[in-house]
Amino acid sequence: MRNRLFVAEHRGGLLSPEDHRSLMKWALLCTEHLGEYYVLPEEEVITSALEIGHRWSEGKAMTGEAMNASRTVHAFARTVEDKPSQFYCRAVGQVVATAHMADHSLGPVWYGRKMLVLLNRDVEKELSWQLKRLVDLSPHLLPRVQQELKKIL
């Protein structure tokens, strides 16, 4: 059975709209923080998708707009040959898809980890940073997010 924490209330789950938006904000922070490790692509498709993610997290963009941005970023990622940049693009695509399904908020952690492994960086330090940001936004989500991260990491 699917984790009900990641299913929105309006779909019969436990995730409140506020918590869903908090997961988007957290995933955006995780994605944008990857720029501290590598010079990331400054493409309009990426910038636009992140902007839509921020607007959605504030209730100022529609889910369909975010999904379109996610598909566009993933299509762009297929054209990127540099693997760290490609993983970053995939993280952006996942973060914006969080508007549709909260599970996608874990994508930036997963793709960020893959990126940092390629760059020979401290992935555990980054994970610690990411979880600290989640506690700052919504402490009660931490145990469930940690549980889900154990499944994918």
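How many nonpolar, polar and charged residues are in the lining of the largest pocket? The lining has nine nonpolar, five polar and four charged residues, where Ala, Val, Leu, Ile, Met, Phe, Trp, Tyr, Cys and Pro count as nonpolar, Asp, Glu, Lys and Arg as charged, and the others, Gly among them, as polar.

This is a predicted model, in which local features need pLDDT of at least 70 and side-chain atom pairs pLDDT 80 or more, while totals for chains, interfaces and linings use all residues. Residues are numbered from 1 along each chain, and side-chain values use heavy atoms, without hydrogens and water.

Select Ala8, His10, His20, Trp56 and Ala99 to begin, the closest to the centre of the largest pocket among the 18 residues that line it. A pocket is an open set of points on a 1 Å grid over the protein atoms alone, where a 1.4 Å probe fits, with protein on both sides within 12 Å along at least five of seven lines, and lining residues have an atom within 4 Å of a point. Next, show helix α1 (residues 17-33), which gives the largest share of this lining, three residues; helices are DSSP runs (H or I, at least four residues) numbered from the N terminus.

Then go to asparagine 120, in the loop between α5 (107-118) and α6 (123-137), where phi is positive, about 60 degrees, although the residue is not a glycine. Asparagine 120 counts as exposed because its relative accessibility is 69%, exposed being over 50%, buried under 20% and partly exposed in between (1.4 Å probe, protein chains only).

Finally, select leucine 153, in the segment after α7 (142-152), which is partly exposed at a relative accessible area of 36%.

Key: Helices (H or I, at least four residues) and strands (E, at least two) are DSSP runs, numbered from the N terminus.
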